[in-house]
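Open the model in your viewer and keep the sequence panel beside it. The stops below each give a selection and say what is there.

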Amino acid sequence: MSPLKISRILHAGYVFEYEGTQVLFDPIFENPFSRNCHAYPAVRFDHGQIRKLTPDAVFISHFHDDHCSMESLDLLPRATPIYLYCLFDELFAMIRELGFTDVRALAVDAPVLVGAMEIIPRRALDADVDSMFHIRAGGLNVLNVVDSWMDPQTLEQLTACAPWDMVLWPFQTMREIDVIAPSRAEGGQPQLPEEWPEQLRALKPRYVVPSSCQFVQEPWSWYNHALFPITYKQFEREVGAWLPDARVVRLNPSVAMALTADALTPAAPLPWVLPVGEQDVDYQYDADITPPPTSGIASHFAPLTDEQTALVLDYCGAGLIDKYQQMELPPDSYFETPCVWQLSVYDHAGGVRQYRYRIHGDSIAAAGDEEAPSWMTEIPIAKLYAGLALGESLTSMYMRISGAPADADIVDDPLIRCLFNDAFGAYQAAQLRRLKEKQC
């Protein structure tokens, strides 16, 4: 029986090859990707070689921009079938607008046959967003959990296939809220999620690959010591203790393995993923790190043009108010009680413009300087512009919230809601605009 070749691209990206069939999962061919996700370990991509690929299909687990990138898909032949798990028609339309002629929606538990492989989407805990992939080839079963959380019913369903030959398991539990609201962050020794031992023991995998996190932020970023709490070393140690009969296998970008019913052996690496420097690097978490001031963070970004600055200032003065009034406040929100919210916007030279708003429920109005704020939000002006015009995601905006009480939901922050409520596919839409401008 032929081996199943499994190669790592980057982050959640893989190439599966079996008996002449080649399938790509969540392919990202960019570094950095998602604007400021830098490959870790570092790699380069040979786009010339990538343009010569003729995969039999591409499978995309969900719409997040570190899994579905128009600039990466742009390198592939337009006849390539694209299978996407997404509940929103807009993203399918964008991929078709990019030129792909065969774009199909995935349904949970509905098998897709691609040559010698069978791929079955499986339900994730957040079924409105994520999916997982069950790959069958030559009697082998591989579970690609991507970066999802396991649904209990799905676990029961997948247990019937145990022992699994391999699981690609998300290993990094990023602390997104802690870096947005560092004053509320809890320190201490990082722990792997308490659900994982039971889940992995139920699956009984022969091999476990720490998957779905191979990036850091910019080299100067404090996030590199605050956002990523789990190390490869800790993952291998703890999973090894839970599963003494399994083997934890690290796959760096480009690395490939040949899987059979009897063994897992090294295979030829991907020639178009080019490792740069040391590859067996590991994360360095510091629970006691002191966040730098937002003024210092803003100095790392290039100054905006006058036109770009005007867009941001107009938004802060009027557009944000209009957007807030169009939305409905979630129940039990902190902002149901009258309060004053302060938004501080820092430029590249450390200068700050401050805006105060009086908020009560769904109403908002400009407030005077004499009213003290109880909830404060800071952001570099370059990142606010990127959120408005370029589809920048929340985790890369260096937004800072203070004053929020311990029982308040951080994502009720007015700027977060105004930028990201009903903002589906903004990153991909911005990519598509840039690609079309290049063609003109």
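Predicted model: local features only at pLDDT ≥ 70, side-chain atom pairs only at ≥ 80, totals over all residues.

Residues are numbered from 1 along each chain as its sequence is written, and side-chain values use heavy atoms, with hydrogens and water left out.

**Helix pair**

Select residues 306–326, helix H9, and residues 381–389, helix H10. Helices (H or I, at least four residues) and strands (E, at least two) are DSSP runs numbered from the N terminus. The axes of H9 and H10 come within 10 Å and cross at roughly 80 degrees. That makes H9 roughly perpendicular to H10. Axes here are lines fitted to C-alpha atoms, for helices over the stretch in contact, and angles run from 0 to 180 degrees between N-to-C directions; 65 to 115 degrees counts as roughly perpendicular, under 35 as roughly parallel, over 145 as roughly antiparallel and the rest as oblique.

Now show side chains. Gln-308, Thr-309, Leu-311, Val-312, Tyr-315 and Cys-316 of H9 meet Ile-381, Leu-384, Tyr-385, Leu-388 and Ala-389 of H10, where contact means heavy atoms within 4.5 Å. By class, the contact of H9 with H10 has 9 nonpolar, 2 polar and no charged residues. Ala, Val, Leu, Ile, Met, Phe, Trp, Tyr, Cys and Pro count as nonpolar, Asp, Glu, Lys and Arg as charged, and the others, Gly among them, as polar.

**Core**

Next select Trp-169, Leu-343, Tyr-357 and Leu-415, which touch the most other members of the largest nonpolar core, a set of 114 residues. Such a core is a set of buried Ala, Val, Leu, Ile, Met, Phe, Trp, Tyr and Cys residues joined through side-chain atoms within 4.5 Å; buried means under 20% relative accessible area, exposed over 50% and partly exposed in between (1.4 Å probe, protein chains only). H9 supplies the largest share of this core, 6 residues. Around Leu-343, beyond its neighbours within four places in sequence, the contacts include Cys-316, Leu-320, Tyr-357 and Leu-415.

Go to Ser-34, in the loop between strand S3 (21–25) and strand S4 (38–39). Is Ser-34 buried or exposed? Ser-34 is buried, at 5% relative accessible area. Ser-34 and Glu-392 are 358 residues apart in sequence, yet 7.7 Å apart in space, C-alpha to C-alpha. A polar atom of the Ser-34 side chain lies 3.4 Å from the backbone nitrogen of Asp-66.

Arg-35 is in the loop between S3 and S4 too, and has a positive phi near 75 degrees. Arg-35 is partly exposed, at 35% relative accessibility.

**Cis peptide bonds**

Select Tyr-40 and Pro-41, joined by a cis peptide bond with omega about 5 degrees. Then select Ala-162 and Pro-163, where the peptide bond is cis with omega about 0 degrees. Pro-163 is in the loop between helix H4 (152–159) and strand S13 (166–170).

**Gln-431**

Finish at Gln-431 in helix H12 (residues 426–439). Gln-431 is buried, with a relative accessible area of 0%. Its side chain reaches the backbone nitrogen of Met-70 at 2.8 Å. Leaving out residues up to four places away in sequence, Gln-431 touches Glu-30, Ser-69, Met-70 and Glu-71.

Terms used. Polar contact = N/O pair within 3.5 Å; in protein donor to acceptor, adjacent residues only side chain to side chain.
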